Amino acid sequence: MTSDIDLSCTDLNKNFGSYQAVDNVSFQIPRGSFFSILGPSGCGKTTLLRMIAGFLEPESGGITIKGDSMLGIPPNKRPVNMVFQHLALFPMMSVADNIGYGLRRRKMKASEIKKKVADALERVGLPDVGDRAISQLSGGQKQRIAIARCLVLEPDVLLLDEPLGALDLKLREHMKVELKKLQQAFGTTFIYITHDQSEAMVMSDQVAVMNNGRFEQVGTPQELYYQPDTPFVAGFVGESNHFSGQVVGRNGDVVEVKTASGQVFHSIERIDTNLAAGDEVELFVRPEMIHLSFEPENKPENALEGEVANILFDGGNSRLLIREATTGAELQVVQPQTTQFRDVKAGDRLYLSWAASQSHIFRARGQSQTPALMQTVEE
Amino acid sequence: MNAFSSSKASGKKLALFLLLTPFALHLFFLILLPHLEILNISLRERVSYGIYKFSLMNYEAFFTEPLYWRTFLRTAVMSILTTAITLIVAFPVAWYIAKVVRGRTKGLLFLACLIPFWVSELVRTYGWMILLRETGVISNLLQWAGLAVGPVEMLYNDATVMLGLVYTSMLFMVVPLVSTLDGMDDSLVEAAYDLGGNGWNALREVVIPYAMPGIVSGCIVVFMLSLGNYLTPILLGGKDSLWFTDQIFTQFITRFNWEQGAAFGVLLLILSSLIVWLGLKLSRQSFSETMGR
Ligand SMILES: Nc1ncnc2c1ncn2[C@@H]1O[C@H](COP(=O)(O)OP(=O)(O)OP(=O)(O)O)[C@@H](O)[C@H]1O
Ligand SMILES: [Mg+2]
């Protein structure tokens, strides 16, 4: 089994002074997969990646690549390569020399280097740019050259630090698909870090959601989206309407929650079990899970009534901002692109409903969910 | 403003003209005119009192009299050596200032490079003499420590001249180096390591090519300053320092042979330009690119 694992990290820790940038992170990445680390700015993604690349030594914990420990091995001796945030292409070398840099370090014959470079250029779809200067390339081309420069060395693992961050939106969308294709074509294990959840979702086989130096959840994009393990994941992956409230009752695994402003919701407990009356909880409902209608629904598990406060038009992603009738709270709902809803305008009265299974409920973080969980287990 | 707004283009031209006038005047009266006059003087031969005729005699003298061209050659070689040593010493300093230290310390270190220029070159050079002469501080220290038996004379040799010149030139090398290295993204060096390079070839293939414009412009300035320096070589090197500027001085002042002195001046200009041009060719840099940075 271990032979199928390219990279494995166990209990990695890194402090900067008293600040814990990476906090007990463990994960394993199967060979040839596209693994993303998703997290907000400053959560420790770069720090983690630099430990894998060898630019930082962890305080404690282990890193193994294909079963060999990487601790104490300098970056130039590790079978990993890194695509830097700003690419770090060498500006005074031609494209071909950039790609050949690592091969020259391996004392490869000039003729062989030439062949490999041409081959790499071919594979990233830029066969004719070898003689150009870096400054003569477009943003997306630079991107591909930076990746080719690493992949030509056939690393076990390729690390990418937000390489699309500097590109404009259109190109970013395009490069997302391109990157995924490149990864599949080369069959190399990619570790990709980003703070853009759509990048992570589109490209990855597995995504780790990171927050404050910890991994909150590791899973497929589908798992993260449909079964978030923590409130942070529920709020960070995809969009969610968020409510805080108190448990007032339960019926089987359906929990009844009352918010401070008096709304009552039902949700199925999944991660935090044994929620009892009086427990503070957080509730998340995705805008796309909410059903809209002009007439009240027949006995929905969750129902709200409100009027359209604003239309956030964005083509197929358009949202309606609905102001709830009794409390005035605003929530976002995806605008269905059916004829019925296309002409909705501000002030229209709408009925919102969703099933208990379509919302996520968590014990509020203030009560420190994990210890609370462990207590219930012990009792 | 109103006067200009009628025609923007001519207004701009006028502004440019006004801005450039002092510079142009300076260029013309203080640089071009004297040089033309020097060129003129160098191309004549005194026949009798107040009567001159055109001649290349003064230039011939430079090439036929071994002392002259050998002095020039020696000056050029020593200046090139000085430039090389200054580069080698200044590069780590510049690297440290640009890449290692942050914030306040950076400013302080820059200031430290500037300190030698707070005292005049004359005073500074005498300072060196106080340290290095036979009865100077270092000589006494060595004797006191028992490392030397008698007084040690450290003045009046080529090494000391070089030391003085390197010291004087440091700032002019450090400044352009720091400014180019400052612009280099740290991740370039990391990328070089990441792709399998070690410190040496990261330096050779990435850092030095990147810093080349700074290196070349620093070298040009230091070379020119050393070649044209007068005080440091004369004071630290003594009578036998054989610095080319000293030859010029001797011709003008001691021998009162202005024609010969002028010819030397012109030759110094031409030959040093030639060396710089050669240097640029060898390092494959263009002058405008280097200075434009
Ligand atoms: N060399 C350092 N010294 C001290 N603190 C550091 C150092 N490097 C990073 N940090 C801190 O560690 C935390 C994590 O930094 P890191 O660069 O890993 O974040 P990141 O997740 O990559 O963020 P971003 O998405 O903005 O790039 C930050 O709070 C940062 O201030
Ligand atoms: Mg980062």
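I began with the UniProt record for chain B. The unreviewed entry lists residues 14-33, 76-97, 109-131, 159-178, 210-231 and 262-280 under "transmembrane region". The model I am reading is predicted, so I checked two of the listed spans against its coordinates.

Residues 76-97 of chain B came up as 100% helix and 0% strand. I noted 30 Å between the end C-alpha atoms of that span.

Next I took residues 109-131 of chain B. Here I found 74% helix and 0% strand. The end C-alpha atoms are 24 Å apart.

Then I turned to aromatic pairs. I opened one of them, B:Phe72 with B:Phe244. The ring centres lie 5.1 Å apart and the planes stand at 90°, so I logged the pair as edge-to-face. The two residues are 172 apart and link distant parts of the chain. I placed B:Phe72 in helix H4 (residues 66-100) of chain B. B:Phe244 belongs to helix H12 (residues 244-254) of chain B.

Are B:Phe72 and B:Phe244 buried or exposed? I found both buried.

I also looked up the cluster around this pair. B:Phe72 and B:Phe244 form one aromatic cluster with B:Phe62, B:Phe63, B:Tyr68 and B:Phe264.

Last, I looked in chain A for charges over rings. The charged end of A:Arg123 sits over the ring of A:Phe186, 4.0 Å from the ring centre. I noted another case at A:Tyr225: the charged end of A:Arg286 sits over that ring, 4.3 Å from its centre.

Note on methods. Residues numbered from 1 in each chain as written. Chains lettered and ligands numbered in written order. Predicted model: local features only at pLDDT ≥ 70, side-chain atom pairs only at ≥ 80, totals over all residues. Heavy atoms only, no water. Phe/Tyr/Trp six-rings, centres within 6.5 Å; stacked < 30°, edge-to-face > 60°. Helix = DSSP H or I, 4+ residues; strand = E, 2+ residues; numbered from the N terminus. Buried < 20%, exposed > 50% of the residue type's maximum accessible area, 1.4 Å probe, protein only. Lys NZ or Arg CZ within 6 Å of the ring centre and 35° of its normal. UniProt positions renumbered as here; feature names shortened; annotations may be inferred.
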